[in-house]
Amino acid sequence: MKEHGRNGWRIVRVAFFLASRYIARTSMWQTGLVVFVMSLTFLNLVVVNGILVGLIDGAMYGFQQNYAGDLLISKLPEKESIERASTIRGIVEQNDDIVAYSARIVEPATIEANYLASVSHPNIVPDRVAASVAGINIAQEESVTGVAKKLIEGSFLTETDDDSVVLGANLIDRYFPAVIGLQTLSEVYPGDKIRITIGKATREFFIKGIVKTKADATDLRVFMLENQLKKMRGGLGTANTDEFALRIRPGKSISEVQNDLFAYGIGSLALVRTTEEAIGEFLGEIKDTFSLLGNIIGGISVIVASITIFIIIFITAITRQKYIGILKGIGLSGITIELSYVILSIFYSGLGILIGVSLLYGVMLPYFKAHPINFPFSDGILSVTTVGVIVRSLILIVTTIIAGYLPARLIVQKNTLDAILGR
Amino acid sequence: MISGQKLSRTFVIGQNETHALSNVDFSAKDGEFVAIIGKSGAGKSTLMYQLSLLDTPTHGSVTINGINTSTLSPNERTKFRLAYLGYVFQDYALVPELTAEENVLLPLLMRGEQYGYALKKSRATLESLGLGHRLDRRPGRLSGGEQQRVSIARAITHEPLILFADEPTANLDTESSKQLLSHLEDMHKRGQTIIMVTHELDYAARAQRVLELSDGKVTREGTPQELNLLSGAVVR
């Protein structure tokens with residue numbers, strides 16, 4: 001056993017000696033080119049997947065930041081509003097792990113614009129869209145979501161804006177070109193009047209601002225003060241709430257807080273969902289599909305990298321088969337020589353990965369964080385996890401080890417004398 | 001002591017068989033200097049490859065230091081070569097990426113010697129061959145004679161039982177060849193067993209015993225005087 005250990009160490013030492021001298025004294029251009037290919041392969045493996053998954057993660061992040069919060073309590077599907085909302089509010093306020101919440105009243109409504117023009121010009125049909133109107137407490141909303149910071153026109157509501165609303169950008173045709181079956185408002189700007197009908201109540205409001213968050217749940221809404229919505233609906237007290245968006249203390253497990261709320265029996269009164277649950281399986285499935293797509297593209301690049309390494313090692317070994325024969329002739333074992341080529345492959349992929357990781361964490365991640373990719377439905381981020389990087393690095397290293405070992409073995413297994421004599 | 005019994009080597013190329021060696025018996029005592037001569041294609045290199053375990057005979061066996069090598073596996077033959085044999089090749093066969101001293105210390109490292117000791121020993125061997133000023137030169141920056149001396153240093157640094165030299169002067173000028181022969185003679189005087197293949201009778205004449213091959217068979221054997229080798233003659 002001890003003898004095997006010594007022999008193994010001797011083999012590794014000589015293989016490392018040969019590989020290190022080869023690396024140090026071979027053409028810098030050749031080494032640079034192979035390492036460059038390996039860096040690109042690593043980035044392809046990590047970044048393509050990261051961008052594809054990042055699109056969905058970005059959408060989920062936007063949904064969480066601009067609409068749902070960390071946990072969203074909403075009415076049960078068969079109910080008109082959350083039952084015993086004041087009790088739930090009390091539980092929420094007493095939970096130390098919930099640092100903020102926004103209680104919203106949400107009502108379906110019809111929004112009309114350009115209706116004054118249709119009075120003087122009967123041939124003009126006023127724009128009319130169906131939308132949700134959210135009655136909000138501005139301070140609460142500010143503490144949970146960033147809607148007020150996502151204004152693209154005008155300004156946000158203040159506590160005294162009784163006759164104003166803020167529109168989601170997807171209700172307006174210049175931000176969301178009409179698609180079949182979905183109506184939008186045309187030519188509406190801050191300062192214009194619109195007419196909102198909730199049930200039997202109709203009232204005019206000024207448009208104070210327009211928000212665009214890329215979260216459809218928000219961008220298809222109209223925001224007004226909570227008390228104005230109550231007035232329009234009539235007969236509503238604080239007991240009437242349709243949504244609670246909760247912000248959880250940073251570092252605290254969201255599912256733990258969710259379980260705490262379930263423990264109070266809230267689950268029988270309302271839906272208590274995380275962002276992923278609230279956004280639905282649809283995006284999760286897209287994320288899985290994109291991840292698979294990214295892995296396929298990355299897999300192709302791994303195959304290309306493997307072939308590159310195979311060719312490089314094969315050419316290196318075949319042009320040096322005479323020396324390989326001589327090394328065997330003077331007593332170096334085949335495994336020692338094969339291992340030297342494997343070390344060479346590990347060096348190429350290892351250095352490539354090191355450069356790739358440096359570019360990833362030093363340049364790309366900070367860049368994408370500062371400049372998210374502007375997609376219509378999300379601000380695409382680069383979704384990269386440390387575990388993902390480690391796994392992909394290992395895949396690349398293992399693949400290149402195999403790709404380096406096979407050609408080396410092909411040449412090393414050749415008859416020693418034939419190799420020496422070049423037969 | 002090394003001996004080869006009834007050594008035959010047949011190469012099959014397509015339908016054709018070439019008998020490079022036929023029933024050759026060979027032996028050399030410890031400390032002996034034997035030269036193998038013959039015309040081109042006579043089978044002298046083939047005989048050396050069988051004796052030095054670089055090739056396996058079609059028939060016959062090689063015994064070195066009392067060990068019948070025909071029973072050894074390829075891995076055992078490699079270990080055997082590392083332990084007991086040294087080689088000087090016709091075209092030096094140095095690893096181009098390694099310096100002179102690194103080429104020489106390679107067999108020592110493979111035998112498990114510490115790097116520091118191996119380096120010290122390889123330097124001492126190179127210095128004994130007059131290459132103390134060329135230690136860190138790579139083969140490409142050495143003359144042919146210097147490269148061949150590095151090759152000798154690599155072959156002897158681990159103190160092999162037998163040193164095989166395959167046409168060691170073939171690529172050298174006269175002066176370098178003479179120097180090389182002097183080194184081989186010095187080693188022989190110190191007790192090194194040497195088996196050298198050459199086609200130059202002048203150099204063969206400096207061995208203790210000469211074996212002449214023709215068409216894969218031993219045609220003559222004896223001391224240089226017995227074979228009446230002429231100074232300066234070359235076997236073609």
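In what order do the four strands of the open sheet in chain B stand, and is their pairing parallel or antiparallel? In this predicted model, the order is β2-β1-β4-β5 of chain B, and the pairing is antiparallel. Strands here are DSSP runs of E with at least two residues, helices are DSSP runs of H or I with at least four residues, and both are numbered from the N terminus. Two strands count as paired if DSSP finds at least two bridges between them. At the edges of this sheet stand β2 (16-28) and β5 (67-68) of chain B, each of which pairs on one side only. Strand β1 (residues 2-13) of chain B is joined to strand β4 (residues 59-64) of chain B by five bridges, and the two run antiparallel. Within β4(B), His59(B) is the residue that stands opposite Ser8(B).

Residues are numbered from 1 along each chain as its sequence is written, while chains are lettered from A and ligands numbered from 1 in the order in which they are written. As the model is a predicted one, local features need pLDDT of at least 70 and side-chain atom pairs count only at pLDDT 80 or more, whereas totals for chains, interfaces and linings use all residues.

Chain B also contains an open sheet of six strands, with the order β6-β7-β8-β3-β9-β10 and mixed pairing. Its edges are formed by β6 (85-88) and β10 (217-222) of chain B; each has a single partner strand, so one side of each is left without a neighbour in the sheet. On average, neighbouring strands of this sheet are turned by 20° against each other, direction ignored. Strand β9 (residues 209-214) of chain B and β10(B) run antiparallel and are joined by five bridges. In β10(B), Val218(B) stands opposite Leu213(B).

The helices of chain B were examined next. Helix α5 (residues 144-156) of chain B packs against α3(B) at an angle of about 25°, and the axes are 7 Å apart. Axes are lines fitted to C-alpha atoms, for helices over the stretch in contact, and angles run from 0 to 180 degrees between N-to-C directions. Angles under 35 degrees count as roughly parallel, over 145 as roughly antiparallel, 65 to 115 as roughly perpendicular and the rest as oblique. The helices α3(B) and α5(B) are therefore roughly parallel to each other. Residues are in contact if their C-beta atoms, placed from the backbone, lie within 7 Å. On the α3(B) side the contact is made by Ala100(B), Asn103(B), Val104(B), Leu106(B) and Pro107(B), and on the α5(B) side by Val150(B), Ala153(B) and Arg154(B). By class, this contact of α3(B) with α5(B) has six nonpolar, one polar and one charged residues. In this classification Ala, Val, Leu, Ile, Met, Phe, Trp, Tyr, Cys and Pro count as nonpolar, Asp, Glu, Lys and Arg as charged, and the others, Gly among them, as polar.

Between the chains, 19 residues of chain B are in contact with 19 residues of chain A. On the side of chain B that touches chain A, α2 (74-84) and α3 (100-110) of chain B each supply at least two residues. The residues of this side of chain B comprise 11 nonpolar, three polar and five charged.

Chain A is divided into domain 1 (2-63 + 283-421) and domain 2 (77-268), with bounds that come from an automatic or database domain assignment. The centres of these two domains of chain A, taken over C-alpha atoms, are separated by 51 Å. Five residues from domain 1 of chain A and four residues from domain 2 of chain A take part in the contact. On the domain 1 side, α2 (28-68) and β12 (378-380) of chain A each supply at least two residues.

Strand β2 (residues 98-113) of chain A pairs in the antiparallel sense with strand β3 (residues 127-136) of chain A over nine bridges. Six bridges join β2(A) to strand β9 (residues 243-248) of chain A, also antiparallel, and three bridges link β2(A) to strand β6 (residues 193-198) of chain A in the antiparallel sense. Among the facing residues, Ala113(A) stands opposite Asp127(A) in β3(A), and Ile111(A) stands opposite Ile196(A) in β6(A).

Definitions and conventions:
Two residues are in contact if their C-beta atoms, placed from the backbone, lie within 7 Å.
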